[in-house]
Amino acid sequence: MTEAPEVARLIEQLRLEPHVEGGYFRRIFSGTDGVSVARPEGPRPALTSIQYLLTARSRIGHWHLNRSTIVHYFQLGDPLCYRLLTPDGELETLWLGPDPAAGHRLFLVVPGGVWKSSELVAGGAFGLIAEAVSPGFDYADMQLGVAAELVAAHPQHEAVIRSFCRA
């Protein structure tokens, strides 16, 4: 299944590439002023930023956890549903989208250490966001969700965990 022509054009115009968690992305900023943050895993830029796109063909950002706090900003398209799972097992569902009157948020802060997944609204063509990550993103600081491990830790959320973990 290929992307719709207007979505394929957007992917090309923004120079997006497939992301390991699902969807498409491109890093648009990495701290260039020499400021870094010391982490046990090594220094990180103070801030990095990406654009991230979910599409009708690639609708899900699978469960993953980041060590850093990430601020998500809605940019364009259809709403995205975010599911957040805290270390103590609280599951929260939030919408990032263009219409605050419909309960959409224009931005969302996800603290480091919180599991998250995202999904394009049913029937949507695409949803484009930007993310600002501090301390800056490094793949060593991201963990993809493994269904068996997440279910063992949070059995009360088994159905939603399995729905948004990679097989």
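The loop between β1 and β2 contains glycine 22. In this predicted model, glycine 22 has a relative accessibility of 5% and therefore counts as buried, the cut-off being under 20%. Leaving aside residues up to four places away in sequence, glycine 22 touches Tyr52, Leu54, Ser58, Ile60, His62 and Arg166. Tyrosine 52 is 30 residues from glycine 22 in sequence, while their C-alpha atoms are 9.6 Å apart.

## The six-stranded sheet

An open sheet of 6 strands runs in the order β1-β2-β5-β12-β7-β10, and its pairing is antiparallel. Its edge strands are β1 (17-18) and β10 (107-110), each of which pairs on one side only.

Within this sheet, β5 pairs with strands on both sides. Antiparallel β2 and β5 are joined by 6 bridges, and phenylalanine 25 stands opposite tyrosine 52 in β5. The antiparallel pairing of β5 with β12 extends over 8 bridges, with glutamine 51 opposite alanine 130 in β12.

How many residues of β5 are buried? The count is 8 of its 8 residues. In a regular strand, side chains alternate between the two faces of the sheet. Both faces of β5 are covered, with Thr48, Ile50, Tyr52 and Leu54 buried on one side and Ser49, Gln51, Leu53 and Thr55 buried on the other. Helix α1 (residues 5-14) lies across β2 (24-30), β5 (48-55) and β12 (126-134), and runs at about 165° to β5.

Strands β7 and β10 are paired in the antiparallel sense over 4 bridges; valine 71 stands opposite valine 109 in β10. Val109 also belongs to a nonpolar surface patch with Tyr73, Leu106 and Phe107, and together these residues have about 390 Å² of accessible area. Tyrosine 73 lies in strand β7 (residues 69-77) and is partly exposed, with a relative accessible area of 40%.

## The five-stranded sheet

A further open sheet is formed by 5 strands in the order β9-β8-β11-β6-β13, again with antiparallel pairing. Strands β9 (91-96) and β13 (142-144) each have a single partner strand, so one side of each is left without a neighbour in the sheet. On average, neighbouring strands of this sheet are turned by 25° against each other, direction ignored.

Antiparallel strands β8 (residues 80-85) and β11 (residues 115-120) are joined by 6 bridges. Leucine 80 has leucine 120 as its bridge partner in β11.

## Salt bridges

Side chains of opposite charge can pair when their charged atoms come close. The structure holds 9 salt bridges. One of them joins glutamate 41 and arginine 67 at 3.3 Å, N to O. This pair links distant parts of the chain, with glutamate 41 in the loop between β3 (36-37) and β4 (44-45) and arginine 67 in the loop between β6 (60-66) and β7, 26 residues apart. Glutamate 41 is partly exposed at 35% relative accessible area, and arginine 67 is partly exposed at 38%.

Aspartate 141 forms a salt bridge with arginine 44, their closest N and O atoms being 2.7 Å apart. Because aspartate 141 lies in the loop between β12 and β13 and arginine 44 in strand β4, the pair ties together parts that are 97 residues apart in sequence. Aspartate 141 is buried at 4% relative accessible area, as is arginine 44 at 5%. In another salt bridge, glutamate 131 and lysine 116 have their closest N and O atoms 4.0 Å apart. Glutamate 131 lies in strand β12 and lysine 116 in strand β11, 15 residues apart, and both residues are buried.

Key
Residues numbered from 1 in each chain as written. Predicted model: local features only at pLDDT ≥ 70, side-chain atom pairs only at ≥ 80, totals over all residues. Heavy atoms only, no water. Pairing = 2+ DSSP bridges. Helix = DSSP H or I, 4+ residues; strand = E, 2+ residues; numbered from the N terminus. Axes fitted to C-alpha atoms, helices over the stretch in contact; angles between N-to-C directions. Patch = residues over 30% accessible without salt bridge, like charges linked within 9 Å, V, L, I, M, F, W, Y side chains within 5 Å. Areas by Shrake-Rupley, 256 points an atom, 1.4 Å probe, with all protein chains shown as cover. Salt bridge = Lys/Arg side-chain N within 4 Å of Asp/Glu carboxyl O. Buried < 20%, exposed > 50% of the residue type's maximum accessible area, 1.4 Å probe, protein only. Contact = heavy atoms within 4.5 Å.
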